[in-house]
Each structure stands twice: as C-alpha cells, then as structure tokens.
Amino acid sequence: MDAKLIDHLFRHHSGKMVSILTRIFGLKHLNIIEDAVQDTFIKATQSWRTQQPENPEAWLTKAAKNRVLDIFRKLKTEQKHLPNINQGTSSIAINDLFLDSEIEDAQLRMIFTACNPKLDSRDQIAFALKTVSGFSTKEISSALLSKEDTIKKRLTRARKAILKSNLKFEIPHGKALPKRQEIVMEVLYLIFNEGFHSNKKEILVRKELCGEAIRLAQLLLKNTLTKTPDVYALCALMYFHSSRLESKTSTENELLDLKNQDRSKWYLPLIKLGNAMMNIAVETNRFSFYHYEAAIAAEHLRATKFEDTNWDKILYWYKQLNALQPMPTTLLTMAVVCLQNKDYKKAKSYFDKLKPQDFETRSYLYFGALSDYYAATNNLKSALTHIDLALNSVNNSLEKKYLLKKKTKLFYSKNS
C-alpha cells in the first residue's frame, strides 16, 4: 500500500469524516471523533498493505463511524449519548447524512463552528485548519507564522471553549453571518497560501492544499446564504494564482521568480475562470482585501513578459490594500515594487517601517528583499550580509538554493 495514497486521502477526506461524524454524534464528542478518524487511517495503512478496497473513501468513512461506536461502547456511554443507528428510521436518516450534499453541508457547519466568536480569534483559524482540512500542528504553525507550542495551546483552548459554551453545529443566520464568514474566508486564504508557497522543507508547492482551499471556497458559493462578492473575489484570487503553479519551478525543480517563469505555462482556463469570478465580484460598492489581492494577481497575468508589468498600477492596488488592512507583508511587497520602479528612496522608507520579527518564520523574505535593495544601490557588502541572514532563516530547500544562487552572483559582483 502506497503511504502517499493514505496521506492524500487523509488530506482530502479527514475533514469530511470529522464533520459528518460530528453532525451525527455531536460537538461534545469531538476529541473522540478526531481520535477515531486518526485511528482509522492507521488501521488503513495496516489493512491495505495486501489489498486496497475498491472505494477507499467509503471504506474510511464506514470504518471511522464504526470506530467511534467502538470507543463509545468501551466508555459505556452509548445508551446516554448515541441514537440507535443500527436499525429502523434512525439508520435511514444516518445513511442520508453521508450523501454528497449532506457532507458538504456538514463541512460548512464545521467551518462556521470553528469560526464561532465565542472562540478566541487567535484560536479560530488554527482550529479550523486542524478540524476541517486535517492540518498537522507543524503545518498550522507554518501557515500562521507561529510556533508549534503556541498552536497546540490554541487548539486546546478552542476545544475547551467549544465544550464550555455548548456551541451549536450550524451555519449562523442574520447579523452573525457576515462577521463569521470573514473568519471563514481568512482560513481558506491561509490554506491556499500554504499550498501556493509552502514552508515545508522539501516542497515549495503543495497542489493538494490549493485544491482543498478552492473546494471549500466553492462550498460557500453553493450556499445562497454565503454566496457574496467577497467569496467570488477570493475564488478569483485562488484561480489566478493556481494558473501559475506549473511555472513556479523549473524542470530541474529549482525555484523560479516571476521574472524567470515560463509564461506559456500559465494555464489559460483557470485565468478565464478567475476573470469570470472577478466580473461577479466587482458588482458591489465595497471592495475587500480579496478584491485588491485578485486585482494585483490579474495585473501580473496581463503582462505578456516581465518587462511589460505595470508596476505603477500594482503599487496603486497595494496602497489601497494597505489602507484597508495594514500588514507587514504588504509594506514589504510595496518596497519590492518600488525597487522594480527604481524608486530606491521610497523603497527604503517602506523597509524602515519593518523589522524581521514582523515575519516570524518567514523573516528570510524581509532579509532577501533588503539584500536586493542594497544590491540595487551598489552596497554589495550589506547585500551579502542580508542574503546570509536570509539563508540562516529560510526553511524550504528550494528557496535556500535560490538564495544561494543570488549570493554567488553578489559575491562575484563584489569581487570583480
């Protein structure tokens, strides 16, 4: 049995399994359900060594449900807490909950439950990433630029808050929906970003995470209550970025920056889908973070070659974005755009507002951009110093090789 298949199935189906089982057994049994799903995948790795089932997902779902029942029986709580799901109308109702439409509904309920305002705002996203998409604590720490111990504490706090507040497993209505949906979209945005620019050591692009984020965003578009212009903008952004996935690395598996990407590899059908989503997204008087991000991505896609990029328009959109939601990453990118425009004074003014601690596990981005600034202003000694700082803080091996190449060029320029 291929371990990669198990990992793939866990990534794509653990969220579904946790969601549907929570709908059946209740949020108060969430810890048991998560353990059951984990145990099910361990059992799969053992059972499938000799023969893989015809329908792995159905096997896993059934095994997870049975595993929960086994645990409940051992705890002698079945009569108190569980419906009799083995016979009669209860059995039919439970089976109906495993229909595709009902699984989608259960996942939406889980996403909105994870983003309940009764959970600490710092804990909501971590919990959603864990429960809905099966992230490990290490992956969550990477996505949220936080330490693993911090994420573990957040997950523990979230579970305690769910039990204490006796939260309902539902999609909110009325005034509670828009605020909750903002958090939901942020979670999906972070899932996508971890796939598009992974902080894993050996992998730069994780297409399965990008696909999962798009799938969950599409669930929002299928529900009349959650189908908003902001969601369309988020989907447009994901499609625009996904169209460039194949060009991010070379045939030698080396990282390629935007300047050196083969633009013929950009996938036109996804760009067209993004444009279609964006046309709907702009049918509003209020633009969100995702509108501006999508507009920036679209501007890059319009340039037939790197030299044709409209940096002034991109800087304009970044300024709008920063005014709406100030973030260190936005300021850093504005500095990089100014380098492209050779406006070094303005670039330096943005750098001066930043510090490496703003970026935590991705501080190498800050050091790398500063190195580019010093190289552009002919301060090669400082450029080399900062490229070394970037190399000391980068985790991904492809990005490290990319930075080493830049260091080699700087070294030869300095000594030529």
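This passage describes the fold of one predicted chain, from its overall make-up to single residues.

The model is predicted, so local features are reported at pLDDT of at least 70 and side-chain atom pairs at pLDDT 80 or more, while totals for chains, interfaces and linings use all residues. Residues are numbered from 1 along each chain as its sequence is written, and side-chain values use heavy atoms, without hydrogens and water.

The chain holds 20 helices and 0 strands. Both are DSSP runs, numbered from the N terminus: helices are H or I with at least four residues, and strands are E with at least two. Of the 416 residues, 51% count as buried. Buried means under 20% relative accessible area, exposed means over 50%, and partly exposed lies in between, with a 1.4 Å probe and protein chains only. The chain exposes about 21100 Å². Carbon and sulfur atoms supply 50% of that area. Accessible areas come from the Shrake-Rupley method with a 1.4 Å probe, and for residues only the protein chains shown count as cover. Contacts (heavy atoms within 4.5 Å) were also sorted by separation in sequence. Among those between residues at least 6 apart, 66% join residues at least 24 apart.

One helix pair was examined in detail. Two packed helices are described by the angle between their axes and the distance between the axes. Helix α10 covers residues 176-196, and helix α12 covers residues 229-242. Their axes come within 11 Å and cross at roughly 0 degrees. Therefore α10 is roughly parallel to α12. The axes are lines fitted to C-alpha atoms, for helices over the stretch in contact, and angles run from 0 to 180 degrees between N-to-C directions. Angles under 35 degrees count as roughly parallel, over 145 as roughly antiparallel, 65 to 115 as roughly perpendicular and the rest as oblique. On the α10 side, the contact involves Gln181, Met185, Leu188, Tyr189, Phe192 and Phe196. On the α12 side, Asp230, Val231, Leu234, Leu237, Met238, His241 and Ser242 take part. By class, the contact of α10 with α12 has 9 nonpolar, 3 polar and 1 charged residues. Here Ala, Val, Leu, Ile, Met, Phe, Trp, Tyr, Cys and Pro count as nonpolar, Asp, Glu, Lys and Arg as charged, and the others, Gly among them, as polar.

Two other helices were checked for length and cover. The expected span of a helix is 1.5 Å times one less than its number of residues. Helix α7 (residues 121-133) has 13 residues, so it should span 18 Å at 1.5 Å a residue. Its end C-alpha atoms are 18 Å apart, which agrees. Helix α7 is mostly covered, with 10 of its 13 residues buried. These include Phe127, Leu129 and Val132, and also Asp123 and Gln124. In α19, the buried residues are Ala383, Leu384, His386, Ile387, Ala390 and Leu391. Their cover includes α18 and α20 (397-414).

Phe135 has a relative accessible area of 1%, so it is buried. Phe135 and Gly15 are 120 residues apart in sequence, but their C-alpha atoms are 9.4 Å apart in space.

Thr329 lies in helix α16 (residues 328-340). Thr329 is partly exposed because its relative accessible area is 38%. Its C-alpha atom is 9.9 Å from that of Arg362, 33 residues away in sequence. Lys342 sits in the loop between α16 and α17. Lys342 is not a glycine, yet its phi is positive, at about 60 degrees. Lys342 is exposed, at 60% relative accessible area.

Lys346 is in helix α17. With a relative accessible area of 35%, Lys346 is partly exposed. Lys346 and Met334 are 12 residues apart in sequence and 9.2 Å apart between C-alpha atoms. Glu360 belongs to the loop between α17 and α18. Phi of Glu360 is also positive, near 45 degrees, in a residue other than glycine. Glu360 is partly exposed, at 45%. Thr361 is in the loop between α17 (344-351) and α18 (363-376). Thr361 is partly exposed, at 30% relative accessibility.
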